[in-house]
Amino acid sequence: MKISFFVTCLTDTVLPSIGIKSVELLEKLGCTVFFNPRQTCCGQPLVNSGYREKAKNSMQMLIDALLEDDCEYIVAPSGSCVLQVKEFPRFFREDEIWQSRAKRLADKSYEITDFIVNILHVTDVGAALNGRAAYHPSCHMSRRLGVKEAPYRLLNNVKGLELVSFKGQDRCCGFGGTFSVTMADLSGAMVAEKVRNMAAAGVDYVIGADGACLMNIEGRVRRENLDIKVLHVVEALMTA
Amino acid sequence: MKRSLADSFMRASIADAQDLISRKREDCYAELGHFEKWCEQAADIRSHVLDYLDYYLEQFTNNAEKAGASVHFAKDDGEAVELARTIFLQKKARKGVKSKSMVTEEIGLNEALETMGVEILETDLGEYLLQLDGKDKPSHIVIPALHKNRRHIRELLAEKKAYTGDETPETMTRFVRRILREAFLSADVGVTGCNFAVAETGTIALMTNEGNGRFVTGIPKTMVTFMGMERVVPSFEELDILFSMLARSAVGARTSIYMSLITGPRAATDLDGPEELHIVVIDNGRSRVLASPFRDVLRCIRCGACMLECPAYRHVGGQGYGVLYPGPLGAALVPSLAGYDEHKDVTKICSLCGACNDVCPVKIPLYEFILEHRRIIAEDGKLSSRIEDAVFSQYGRVIGNPACYASATRMARLGKYLPRVGPLKEWAKARAIPKIPKERFRDWFARHSREGGQS
């Protein structure tokens, strides 16, 4: 199966190991992975701050880049960025040609755990990781994109891994894109509470499916000098 | 907002209230079942009313007047308080008692009446305490004194009312009740808000939990009800549905303790009730919202569930928003109602997590509305900040050009950490700065492909 990999700008530049493990995992599951280097950013930081028009160029470039290799599916290791791509058709409402291209892209785009569980129909990838882990369900992925079960189904099959629940598990970690810097005090209070609750659950790992939330949580974990390792789902799934 | 974030007591109280009421709300909706269907039904009812608002308002007015009430229309806060002053003057009223009402806060009723020498007393316990304090403001639309604990309240009562008892809620409530009972008996006018107005019968429906609503509407000879023009429901059938949801969504209870239904003033056979009933229907920006892309925000039944689910409200509290209606509702409603000039910052107090949308009993797309407000502000040259606009323009140019993006992200690799300036300085207040890996994903992938993939 041919996959065009949508790495997302944050994974590409700050968290490349999530991208690397994603590609390795997809290849392990029999996919042929294409990566088009003309892709940059989905424009979400601009759109969520209100500057949708200024993001149109990058959206068009992303549409071109991801459709160019004519793959069956487009897969990204971030529910939030996939959500953004799914919104593209709405943003190009006034442009028939771009709207139809945006729709083609939106229809084949999948968040990686959703893709593995619901398209590849795989729930056990043969991973093993010893320890207790807290899973943080990212807001955009679980609430807006509706991908709730897939990461749990995959993580439940990781040998040796015990998933524990914690207080305020479904609550936002406080990242919110530019919110984390424009409302830094508030965002900081939110992530502090999140990490406090995770630590209280006595976990070795924090696992999530969205690099941005994980970068936020990891920054707080490091600031607090906590002995907790922060992993993306694909990183947990590529352990053996 | 900074002051609110620094108030650890307030934050703990709000967090406790959120946790407690969210759980109760979930439990009582689980017991009811079919939450989604209930919400769809409630949203349909509210949308239908907004679609035919002129019709239902006329029907309500005719039926309320048939029942003996006088209905007045106020296009803004100024007209609304002027109507109130006229009624108080005509009645030579010196004392008023009021049950909890957000719309009277919106028009600044208390202040306007106080300047003409009228003593207007809040009789909802929470509102009473805030009024007694003099400097305090509501932190939630249903639970206004959410941020005060029993120690604060005892100190307040001791200072202002020479209270000498202990700090148990029962003893303090009994003390306040005695004060309020006297006020009910000596008041000339009872002032209320309106949860719903039933068009078919001209009835005002009030939901209260302390019984003060019944005294306010039962004892004074004159009653004045203020209602936002969108409060109408067609008949008791729809009232029943919205009532069921309001109690559950607001405080996680199957019903409110009291529901007062007032149709016209006291009839010859009635034992109590006002001799004269005035209803002031207030627009104050609502017509403009009705004609705007944000009209669905007028579906709101003021339950406050979005606030009790909001992770930002959890830390900021109602007062930190600096507007009357806080939380996601406030961020969606206030700029629509009162314009952007003074209310654009309220749209920033949101991490776009979407939790509010999931609990709204009338399915208001709060997330979408907050985002749309941000777009309107950003794209209006006069409202957006010039620096912010410049930063985002530059960002847009970089990500809009693959060559620019490639060289910018390669350059960023020179240090081990990103420089701690500008936005990263803000980030670093609560978090360590991300480490910058030597190699980007795209560099790895290029190597990976040269090596034939399938590592």
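1. In this predicted model, strand β4(B) and strand β7 (residues 222–228) of chain B pair in the parallel sense, with four bridges between them. Within β7(B), V224(B) is the bridge partner of V191(B). Strand β2 (residues 95–98) of chain B also pairs with β4(B) in the parallel sense, here over three bridges, and G96(B) stands opposite V189(B) in β4(B).

2. Leaving aside residues up to four places away in sequence, I282(B) touches A74(B), A80(B), V103(B), I107(B), F226(B), M227(B), G228(B) and M229(B).

3. For chain B as a whole, the model contains 22 helices and 10 strands, and the C-alpha trace spans about 95 × 55 × 45 Å along its principal axes. Of its 455 residues, 47% count as buried. Among contacts in chain B between residues at least 6 apart in sequence, 73% join residues at least 24 apart.

4. The contact between the two chains takes 58 residues from chain A and 49 residues from chain B. On the side of chain B that touches chain A, the elements that give two or more residues include α1 (2–6), α15 (311–316), α18 (366–379), α19 (386–399) and α22 (441–450) of chain B. The largest share of that side, six residues, comes from α18(B). By class, the side of chain B that touches chain A has 27 nonpolar, 10 polar and 12 charged residues.

5. One helix pair across this contact can be described in detail. Helix α4 (residues 52–68) of chain A and α19(B) pack with their axes 8 Å apart, at an angle of about 10 degrees. In the contact of α4(A) with α19(B), three residues are nonpolar, four polar and one charged.

6. In chain A, four strands form an open sheet with parallel pairing, in the order β6-β5-β7-β8. Its edge strands are β6 (159–164) and β8 (229–232) of chain A, each of which pairs on one side only, and the twist averages 35 degrees from one strand to the next. Strand β5 (residues 128–136) of chain A runs parallel to β6(A) and is joined to it by five bridges, with G131(A) standing opposite L161(A) in β6(A). Helix α12 (residues 211–223) of chain A packs on the sheet, where it touches β5, β7 (205–208) and β8 of chain A, and its direction makes about 175 degrees with that of β8(A).

Note on methods. Residues are numbered from 1 along each chain as its sequence is written. Chains are lettered from A and ligands numbered from 1 in the order in which they are written. This is a predicted model: local features need pLDDT of at least 70, side-chain atom pairs count only at pLDDT 80 or more; totals for chains, interfaces and linings use all residues. Two residues are in contact if their C-beta atoms, placed from the backbone, lie within 7 Å. Ala, Val, Leu, Ile, Met, Phe, Trp, Tyr, Cys and Pro count as nonpolar, Asp, Glu, Lys and Arg as charged, and the others, Gly among them, as polar. Two strands pair if DSSP finds at least two bridges between them. Axes are lines fitted to C-alpha atoms, for helices over the stretch in contact, and angles run from 0 to 180 degrees between N-to-C directions. A residue is buried if 20 or more other C-beta atoms lie within 10 Å of its own, exposed if 12 or fewer, and partly exposed in between; C-beta atoms are placed from the backbone.
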